[in-house]
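Look at the structure below before reading on. The text then goes through it part by part.

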Amino acid sequence: MISDFRAFIAKGNVLGLAVAVIIGAAFGTIVTSLTDDIIMPVVGSIIGGIDFSSYFVRLGEIPAGYAGSLTNYEELKKAGVPLLGYGQFITVVVNFLILAFIIFLLVRAAAKVMKEEEAAGPTEEVLLLREIRDSLRQPPLK
């Protein structure tokens, strides 16, 4: 069973998937930072200094003894106040759109490179391998 598991893990597609997941997670944090630290503040300043993360609707009562800000989404959330954080949702949607657009650009570029390679025709190595294959298919001379 262990040898089967090793064979499964050693397959290139499994390792490639693992690398892709790790790189994707790291890339996700970059996109989150890009959105939270660069894009949303610029958008907020363009439309009047609005911080989207502070847009929310309080759905329940504030716990007794709460001494924090009544307008701070994070503090209210930590205190257990039920909130509808639509500003945070807007930020997450923008994150997704940026990530989807970047992935679109990457896939488009990869498709272009693959198309160019196809148009260039087979490499010398492929041609040589085809010759070898074809010569092996011929019956031996008598």
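The model is predicted.

Start with what the record says. The unreviewed UniProt entry carries the annotation "transmembrane region" for residues 12–34 and 86–107. In the model, residues 86–107 are 100% helix and 0% strand, and the C-alpha atoms at the two ends of this span are 31 Å apart.

Next, find threonine 35, which sits in helix α2. Its relative accessibility is 0%. Buried means under 20% relative accessible area, so threonine 35 counts as buried. Beyond its neighbours within four places in sequence, threonine 35 has contacts with Met40, Pro41, Thr91, Val94, Asn95 and Ile98.

Now turn to the aromatic rings. The whole structure holds three aromatic pairs. One of them joins phenylalanine 56 and tyrosine 73.

Finally, look at the surface. Which residues form a nonpolar patch there? They are Val57, Leu59, Leu84, Tyr86 and Ile90, with about 430 Å² of accessible area together. Leucine 84, one of these residues, is part of strand β2 (residues 83–84). The relative accessible area of leucine 84 is 47%, so this residue is partly exposed.

How values were computed:
Residues are numbered from 1 along each chain as its sequence is written. This is a predicted model: local features need pLDDT of at least 70, side-chain atom pairs count only at pLDDT 80 or more; totals for chains, interfaces and linings use all residues. Side-chain values use heavy atoms; hydrogens and water are left out. Patches are made of residues with over 30% relative accessible area and no salt bridge: like charges are joined within 9 Å, nonpolar side chains (Val, Leu, Ile, Met, Phe, Trp, Tyr) within 5 Å. Accessible areas come from the Shrake-Rupley method with a 1.4 Å probe; for residues, only the protein chains shown count as cover. A salt bridge is a side-chain nitrogen of Lys or Arg within 4 Å of a carboxyl oxygen of Asp or Glu. Helices (H or I, at least four residues) and strands (E, at least two) are DSSP runs, numbered from the N terminus. Buried means under 20% relative accessible area, exposed over 50%, partly exposed in between (1.4 Å probe, protein chains only). Rings of Phe, Tyr and Trp (its six-membered ring) pair if their centres lie within 6.5 Å; planes under 30 degrees apart count as stacked, over 60 as edge-to-face and the rest as tilted. UniProt positions are given in the numbering used here, feature names are shortened, and annotations may be inferred rather than shown by experiment. Contact means heavy atoms within 4.5 Å.
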